[in-house]
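Student: I would like to learn how to read a predicted model of several chains, feature by feature. Where do we begin?

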Amino acid sequence: MSRVRYALVPVALLAVFALLPQLSVDVPVVFGGPLDSPGTLGLLALCLVFAGVALTYDLLFGFTGLLSFGHALYFALGVYLTTIALTKWEWGLVPTLLVVAVVAILVPLLLGAISLRVGGIAFAMVTLAFAQAGQVLVQKNPRSLTGGEEGLGLNYDAIPDALVGVLNTKHLYWLALAYTAVVFLAVRWAVNSSPGRVLQAIRENEQRVEVIGLQPFRFKLLAFVLASFLATAGGVVWLLVLGTGASPQVTTANFTLTLLVMVVIGGAGTRYGALLGGFLYTLLDQRLGSLAGSTRIEDLPTVLSTPLSEPLFILGTLFVLLVFFVPGGLAGLGRRVLR
Amino acid sequence: MSAPEALIRVDDLHVHLGQSHILQGVSFEVPEGGVTALLGRNGVGKTTTLRAMLGLVPRRGSVTLAGEELTRLPTHAIVRRGIGYVPEDRDVFAGLTVEENLRVAERNGSPRYELVHELFPELKARASQRAGTLSGGQQQMVAIARALLNDNPVLLVDEPTKGLAPLLVTEVAAALERAAELATVLLVEQNLAVVARVAQQVVVVDGGRVVHAGAAAELLGDPARVRSLLGVHGSSH
Amino acid sequence: MSTFVLLTITGLGLGAMYFLIASGLSLIYGLMGVLNFAHGALLTAGAYATWWMSTHVGGGPGTKLLAGAVFGIAVGAALAALIELVLIRPLYRRPVEQVLVTVGLALALGALIEAIWGFDARPFPVPAWLIDTTSVLGASIPNDRFVEIAAAALVLAGLTGFLRFTRYGLIIRAGVENRAMVTALGIDVRRAFTLVFALGGAAAALAGVLSGVYYGVVDPTRGTSLLIFAFIVVVIGGFGSIGGTAVAAVAVGLLQQYTNYYSSGLGDLAVVLLLAIVLLLRPEGLSPKVAH
């Protein structure tokens, strides 16, 4: 990739996205209101958050080749620990964030060190097991900390005013954009650094790397901790953007699977692909629900309108079709078109 | 050189495994009847050639059996044209008994159990023994018996004497002679004494291509040639 | 003592359900190398098919349940076979894509069921005698537990017999060890694949029926919540081994019951941690016996 494109494209994209909240432009069908309306900005912020989180999963799966079924655990860690600290323990924002940051490094360090002792499907199952344990823990609601099935509301007192309230949605939007930009830069740095190049070699042929005398374990652990840390950060941003507090939905295996779907739809290992996949998936998921209520779909015979009313059905089917016909994901399709 | 009655014709066979171009245009013929030995140094692609013929590895090129092109068919269909395969590592099913290992191999209505039990009486005695508990030599017998069970006109046999004690090597050679009376055998073998005993034709592979093809006696009678082509002194291991 | 008996039999009942859903998963991964994430959806589909049929036949709950179950199991088997033929078989040499497809399918099927019948739990037709209890060694055991255990035992016997005495069973046992060699013997393993998928689907559907009886209701999340336990059982018991699956299912069911009782609810956690421990101690338990 030419140096100019390498630096310019992300900067241009960033600039475009940064300016969106200033545009009073209507995009029919895609959004329910003009671009600078809180509803649309809130949706865009959510899409951006998931673009970032999908990218963290791509670092693990697409780039390092580690199929994890437990990535949701780290996202949920950010969500729940922050909510509990702010609401139940009534800490201030800064101490909360500091503690979350430390925990977000220590937990994946520990769990990753254990999980990475095995590879392949075994690794996937161990990560699933740990995430399940997390889910069970949240459901059990020890000492009423997690709110169990009903989730936990967020206490807004500790959060700076600039980030609270409908009128400040554009600040939350910029926060989400900043998060995504940071993830992008972090992943890009990780990939291009010398540890990153070792990771690529590991994905291609782990034995050859061992033969040179490098220990794949350390590099994989590094990628694991980085990806998990960034996912935890994503959880915190998600919490602020959505504003409704913690819900057990984010601890489920299904949540990790949707991240997998996002990455594969966009194109695993292509970075922009993961961003695109996360963004599009979230957009479709949110918008298809309201589209289904629209008269156009309701007019269809029940056989069609019922399944189409469930965004997850459309997304799951789309995913299956993509896997069949476009294994490189949308990014792969894009490359083919551009050639 | 190309006899019109060649039963098997391999033409310009290419196989890539990972980064390496293992077979770079292997071409040879196997005349009907008797044993043709496929020779070559270690790692040169002899096993890969057999596997490519069966479609067990992705390949480019042509493989014909009695004039029929095999490369368009899936492996099980290729085998059903009448090929018995004795793989390099025997690949017997360890969890199944000897008798079950043979039964799985049954293809049509008349499996030749009498022949198999005549050649390998020990297998009859150990019919209910789990194949995983057999010795290497006994497993080799199961592998060969499996291939002989159906009246296959072709047998692809990969290093049947590898790792066997001399007495067993002789037994296997005798079985191969018997098999050659009933089918055309393409034999990969490093043990030149066995080759000298059973084979009429030889094909030598090196650098991913065939470098020599001709009568076995002619090659084996020329130690210098043997040394240069195979890098050994023309005796058994 | 009576508590112990109650816990044990209930644990065995749970284990029965786990065995039913895990057996298909085990064979499918053992033979085909496919980690079938859609297996939970097959369970849910079977359960809902049973419920649906039961609302369309007359008679007492016993008749409804029976008619429903027959229909549900048939649906499970047919759906599984269809999935294998249309989605799995074309991706034969692409194992990663096969797994991904089952993931997408699981999400889509789950959403479809939810779209048609909604989130809410649907009541399952359960005849009174199943809800009644029988006294065993001083404990009052709900009769459905016995039915579950009996059903699982029957399926275990049936599967073992099938594998031991039929030709397809022989092919499957050989294929679990070395699929390539089976092909090299002239056998078209693909038919065995479809058969194994269909059997797995039938067993999963039966598990769905039994889970409906156990919990009294069906809901769209039933399949996914039980699928996790199925994975745990299969990993502990070894892929491709029916006997191993049975033993592991019993172990997991019992462990869950005892731990839940004696530690007020940590049974689920204990089981999940058991999975992690087993995996770390014996990671090879996960690779199919011989390379595909």
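**Strands, helices and contacts**

Tutor: This is a predicted model. Begin with one strand of chain B: strand S9 (residues 201-206) is mostly covered, with five of its six residues buried.

Student: Which strands pair with S9(B), and in which sense, parallel or antiparallel?

Tutor: The general idea comes before the case. Strands of a sheet pair through backbone hydrogen bonds, either parallel or antiparallel. Here S9(B) has both kinds of partner: strand S3 (residues 35-39) of chain B pairs with S9(B) in the parallel sense over four bridges, while strand S10 (residues 209-215) of chain B pairs with S9(B) in the antiparallel sense over six bridges. To locate the pairings, look for Thr36(B), which stands opposite Gln201(B) in S9(B), and for Val205(B), whose bridge partner in S10(B) is Val210(B).

Student: What is found in the hairpin of S9(B) and S10(B)?

Tutor: Two residues lie between the strands of that hairpin, and Gly207(B) takes a positive phi near 55° there.

Student: In what order do the strands of the open sheet in chain B lie?

Tutor: The order is S2-S1-S4-S5, four strands with antiparallel pairing. An edge strand pairs on one side only, and here the edges are strand S2 (20-31) and strand S5 (68-69) of chain B. S2(B) is joined to strand S1 (residues 6-17) of chain B by nine bridges, and the two run antiparallel. Within S2(B), Val26(B) is the residue opposite Leu13(B).

Student: How should I read a positive phi in a residue other than glycine?

Tutor: Most residues other than glycine have a negative phi. Two cases can be set side by side. Glu90(A) has a phi near 55° and lies in the loop between helix H3 (72-88) and helix H4 (93-115) of chain A. Asp91(B) has a phi near 50° and lies in the loop between strand S6 (83-86) and helix H3 (98-105) of chain B.

Student: Are these two residues buried or exposed?

Tutor: Count the other C-beta atoms within 10 Å; 20 or more make a residue buried, and 12 or fewer make it exposed. Glu90(A) has 11, so it is exposed. Asp91(B) has 22, so it is buried.

Student: Turning to chain C, how many helices and strands does it have?

Tutor: Chain C has twelve helices and four strands. For its overall form, compare the radius of gyration with the value for a compact globule. With 292 residues that value would be near 19 Å, and chain C agrees because its own radius of gyration is 19 Å. Its C-alpha atoms fill a box of roughly 55 × 45 × 35 Å along the principal axes. Buried residues account for 59% of chain C. Of the contacts in chain C with a separation of 6 or more, 77% are between residues 24 or more positions apart.

Student: What does helix H1 of chain C reach from its first C-alpha to its last?

Tutor: A helix can be checked against the span expected at 1.5 Å a residue. H1(C) covers residues 2-32, 31 residues in total, and reaches 44 Å, close to the 45 Å expected. H1(C) does bend, by about 30° at Ala22(C). The helix is mostly covered, with 25 of its 31 residues buried. Just after H1(C) comes Gly33(C), with a positive phi of about 70°.

Student: Which chains share the most contacts?

Tutor: Of the two pairs of chains in contact, that is chains A and C. Chains A and B have no contact, and their closest C-alpha atoms lie 11 Å apart. The contact of chains A and C takes 33 residues from chain A and 30 residues from chain C. On the side of chain A that touches chain C, the largest share, eleven residues, comes from H5(A). The residues of that side divide into 24 nonpolar, six polar and three charged.

Student: How many residues does the contact between chains C and B take?

Tutor: It takes 14 residues from chain C and 18 residues from chain B. Helix H7 (167-177) and helix H8 (179-184) of chain C each supply at least two residues of the side of chain C that touches chain B. H7(C) gives the most, with five residues. By type, the residues of that side of chain C are eight nonpolar, three polar and three charged.

Note on methods
Residues are numbered from 1 along each chain as its sequence is written. Chains are lettered from A and ligands numbered from 1 in the order in which they are written. This is a predicted model: local features need pLDDT of at least 70, side-chain atom pairs count only at pLDDT 80 or more; totals for chains, interfaces and linings use all residues. The radius of gyration is taken over C-alpha atoms; the globule rule is 2.2 Å times the number of residues to the power 0.38. Two residues are in contact if their C-beta atoms, placed from the backbone, lie within 7 Å. The expected span of a helix is 1.5 Å times one less than its number of residues. The bend at a residue is the angle between axes fitted to the seven residues ending there and the seven starting there. Ala, Val, Leu, Ile, Met, Phe, Trp, Tyr, Cys and Pro count as nonpolar, Asp, Glu, Lys and Arg as charged, and the others, Gly among them, as polar. Two strands pair if DSSP finds at least two bridges between them.
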